[in-house]
Amino acid sequence: MNMQAPQRKKGRAKKKSSAPVYLGMFTAKILIIGPCESGKTVLANFLSDATETSGGEYHPTQGVRILEFECNNIEVSLSRTANCEVELWDCSGDHRFSTCWPALQNDTNGVVMVYNPDQPNHDKELETWYTQFVQEQWLRDSQCLIFAHHKPMAPERVRTQVPQTLSKVPCVHTNLDEDPDSVREEFKNFLGQVLSNLTDKRDQEELSIMNN
Ligand SMILES: Nc1nc2c(ncn2[C@@H]2O[C@H](COP(=O)(O)OP(=O)(O)O)[C@@H](O)[C@H]2O)c(=O)[nH]1
Ligand SMILES: [Mg+2]
């Protein structure tokens, strides 16, 4: 994409404009990962507006499902907006599919980790996913988001905390019954971060081409 700055004539006063700059249409590959039965598929369907329902029965995802949808008017940074074609990869939490992980990880722009804070073992699991999919893939923490997902009518228990290793990753609590809009909003903000990383990388590449 051409990102040339508009040329200005010398001597003229800069005209201030408050209208946001539109950066164009991007494509982003986002993975949804985390322990089994944490709500990854439910959240992926919700975010992509898929009408599929399981009627309350649990159907474990086999390997991966890819959902495609458009998300528009994303704020990438102050006064810069973009549209995005999202490829949401709803991955199975079952480690028997780990042979597919390299294919899932290839060209990933962002990772959403989902866990159930009512499940005492989920913190350890989350750490494993983080190590494999973020640290070992050299992704930045700003390319990650944690959804602490609350299922309806979950019993009040001692809530599992996000482990220390993931303390720099933003974590938001999601409850589709109580506040579905904030889930969409948080995801959109996250896409802004992902696109900001993408445009920074592209700007750097353009600069290094110009300097060579
Ligand atoms: N009604 C409702 N059910 C949920 C919600 N989140 C998870 N579930 C149920 O919990 C089970 C596991 O969810 P699923 O998204 O398939 O988990 P995954 O293995 O992480 O993909 C399914 O039976 C879902 O119907 C939710 O927000 N609302
Ligand atoms: Mg699933």
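Modeller: Here is a tour of the sheet, strand by strand, and then of the helices on it.

A bit of bookkeeping comes before that. This is a predicted model, where local features need pLDDT of at least 70, side-chain atom pairs count only at pLDDT 80 or more, and totals for chains, interfaces and linings use all residues. Residues are numbered from 1 along each chain as its sequence is written, while chains are lettered from A and ligands numbered from 1 in the order in which they are written.

Now the sheet. Six strands make an open sheet with mixed pairing, in the order β2-β3-β1-β4-β5-β6. Strands here are DSSP runs of E with at least two residues, helices are runs of H or I with at least four, and both are numbered from the N terminus; two strands pair if DSSP finds at least two bridges between them. At the edges stand β2 (64–77) and β6, each with a single partner strand, so one side of each has no neighbour in the sheet. From one strand to the next, the twist averages 25°. (Axes are lines fitted to C-alpha atoms, for helices over the stretch in contact, and angles run from 0 to 180 degrees between N-to-C directions.)

Start at the β2 end. β2 and strand β3 (residues 80–91) run antiparallel, joined by eleven bridges, and Ser77 sits opposite Arg80 in β3.

Next, hop over to β5 (residues 144–149), where six of six residues are buried. Buried means that 20 or more other C-beta atoms, placed from the backbone, lie within 10 Å of a residue's own; 12 or fewer is exposed, and in between is partly exposed. Cys144, Ile146 and Ala148 point one way from β5, and Leu145, Phe147 and His149 point the other way.

What about the neighbours of β5? Strand β4 (residues 110–115) runs parallel to β5, with five bridges between them, and Val114 has Phe147 as its bridge partner. To get from β4 to β5, the chain goes through helix α3 (residues 122–135), in a right-handed β-α-β crossover: with the strands pointing away from you, the path from the first strand over the helix to the second runs clockwise. On to strand β6 (residues 171–174): β5 and β6 are also parallel, with four bridges, and Ala148 partners His173.

Last, the helix α4 (residues 180–211) packs on the sheet and touches β1, β2, β3, β4, β5 and β6. The direction of α4 makes about 80° with that of β2.

How values were computed: Contact = placed C-beta atoms within 7 Å.
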